[in-house]
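Here is a short briefing to read alongside the coordinates.

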Amino acid sequence: MADAGGEASASSGERSENRSGTEEQSLSKRQMKKLLKQQKWEEERELRKQRRKERKQQRKQQRQNIQQENRGDGPGPRKRPRRDVTPSSLRLVVDCSFDDLMLIKDVWKLHKQIQRCYAVNRRASHPVQFYVTSLGGQLKQSFDDKDKGWVNWKGITFKAEHYSEVVAKGELVYLTSDSPNVLEELDQSKAYVIGGLVDHNHHKGITYERAKELGIEHAQLPLSSFVRMNSRKVLAINHVFEIILAYLEKGGWQEAFFSILPQRKGAVAVSQDGGAPQENNEEEEEEGSTSDSDAAEQTEIRD
């Protein structure tokens with residue numbers, strides 16, 4: 001009986017091996033290749049785990065080295081000195097009291113333009129005092145949903161109040177191209193208001209009318225005195241903001257305009273002696289990342 005059992009067991013093992021061999025023979029070359037690849041993957045699992053651990057340790061060591069260099073605790077190049085920065089006493093205010101006049105897509109564009117203004121002011125050699133007023137409604141919701149760290153931004157003041165409640169009326173100047181007054185130079189004691197309205201010209205003249213209603217000063221940038229453009233003289237909020245920062249740095253309107261105006265506007269310099277316009281050969285500064293394309297949309301600010 002034992003012999004019969006042993007023979008039966010041996011016979012069963014032979015059949016199992018035969019089935020295995022038959023299965024291997026029935027596998028296609030592609031299936032065999034996939035099976036071998038899977039086996040190799042399993043065999044190298046521990047090796048991959050060890051390599052990941054080593055890379056993690058290397059990154060940690062690199063971070064520690066950088067921190068030591070910044071503190072001056074270890075060898076390596078010295079920390080790059082900070083550029084000279086002289087803050088300006090001039091105030092720039094974005095008036096966001098037009099929330100109910102915009103579609104949500106235009107509110108998002110306004111959000112991006114304010115982001116751009118904040119970024120360039122942080123890098124400016126003469127940063128201004130930056131205010132965003134009448135923050136509420138759709139715009140505040142946009143910041144809360146898409147820019148959760150905005151409450152911790154430095155160098156900018158967000159206010160739910162209207163700008164006339166934040167700054168004394170006698171210090172306010174509203175920048176609008178509908179004004180008959182031309183701004184010849186900037187007054188450091190003033191607060192210049194930029195209308196936070198992305199409307200594609202649906203509400204032409206509204207900023208000028210509101211400035212008159214409040215009885216505050218108003219003016220337009222001297223764009224026509226220095227620049228002739230192929231397109232309409234419509235500037236994005238961030239362009240107005242950047243032009244003023246450039247004026248503070250360069251000390252003149254023409255250089256400020258040509259360092260900021262997009263090339264697509266075909267700007268040429270107006271000859272100061274009354275002759276033909278001069279071609280602008282200065283290279284335009286880069287506008288930054290692709291996210292800034294939204295910030296180049298047209299707004300109520302036209303000069």
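Helix α10 (residues 253-260) is largely enclosed by the rest of the structure, because 6 of its 8 residues are buried. The buried residues of α10 are W253, A256, F257, F258, S259 and I260. Please keep in mind that this is a predicted model.

**The chain as a whole**

- The protein chain holds 10 helices and 8 strands.
- Of its 303 residues, 39% are buried.
- Among contacts in the chain with a separation of 6 or more, 77% are between residues 24 or more positions apart.
- The accessible surface of the chain is about 18600 Å², and carbon and sulfur atoms account for 46% of that surface.

**The sheet and the helices across it**

- Six strands form an open sheet with parallel pairing, in the order β3-β2-β1-β5-β4-β6.
- At the edges of this sheet are β3 (156-158) and β6 (217-219), each of which pairs on one side only.
- From one strand to the next, the twist averages 25 degrees.
- Strand β4 (residues 172-175) runs parallel to β6, and 3 bridges join the two.
- If you want a specific pair to look at, V173 has E217 as its bridge partner in β6.
- Helix α7 (residues 206-214) lies across β4, β5 and β6, and runs at about 155 degrees to β6.
- Helix α9 (residues 237-250) lies across β1 (91-95), β2, β4 and β5, and its angle to β5 is about 155 degrees.

- Is Y192 buried or exposed? Y192 counts as buried because its relative accessibility is 2%, under the 20% cut-off.
- Y192 belongs to strand β5 (residues 191-195).
- Leaving aside residues up to four places away in sequence, Y192 touches L90, R91, L92, V93, V173, L175, L183, E185, L186 and D187.
- One of these neighbours, D187, has its backbone nitrogen 2.8 Å from a polar atom of the Y192 side chain.
- Y192 and E217 are 25 residues apart along the chain, and their C-alpha atoms are separated by 9.5 Å.

**An aromatic cluster**

- There are 11 aromatic pairs in the structure.
- F143 and W153 make an edge-to-face pair, because their ring planes are at 75 degrees, with the centres 5.9 Å apart.
- This pair links distant parts of the chain, with F143 in helix α5 and W153 in the loop between α5 and β3, 10 residues apart.
- Both F143 and W153 are buried.
- W150 and F158 are also edge-to-face, because their planes stand at 80 degrees, with ring centres 4.9 Å apart.
- W150 and F158 are both buried.
- Which residues form one aromatic cluster? Y118, F143, W150, W153 and F158 do.

**A backbone detail at S134**

- Most residues other than glycine have a negative phi.
- S134 has a positive phi, near 55 degrees, and is not a glycine.
- Where is S134 found? S134 sits in the loop between β2 (129-133) and α5 (137-146).
- S134 counts as buried because its relative accessibility is 14%, which is under 20%.

Definitions and conventions
Residues numbered from 1 in each chain as written. Predicted model: local features only at pLDDT ≥ 70, side-chain atom pairs only at ≥ 80, totals over all residues. Heavy atoms only, no water. Helix = DSSP H or I, 4+ residues; strand = E, 2+ residues; numbered from the N terminus. Buried < 20%, exposed > 50% of the residue type's maximum accessible area, 1.4 Å probe, protein only. Contact = heavy atoms within 4.5 Å. Areas by Shrake-Rupley, 256 points an atom, 1.4 Å probe, with all protein chains shown as cover. Polar contact = N/O pair within 3.5 Å; in protein donor to acceptor, adjacent residues only side chain to side chain. Pairing = 2+ DSSP bridges. Axes fitted to C-alpha atoms, helices over the stretch in contact; angles between N-to-C directions. Phe/Tyr/Trp six-rings, centres within 6.5 Å; stacked < 30°, edge-to-face > 60°.
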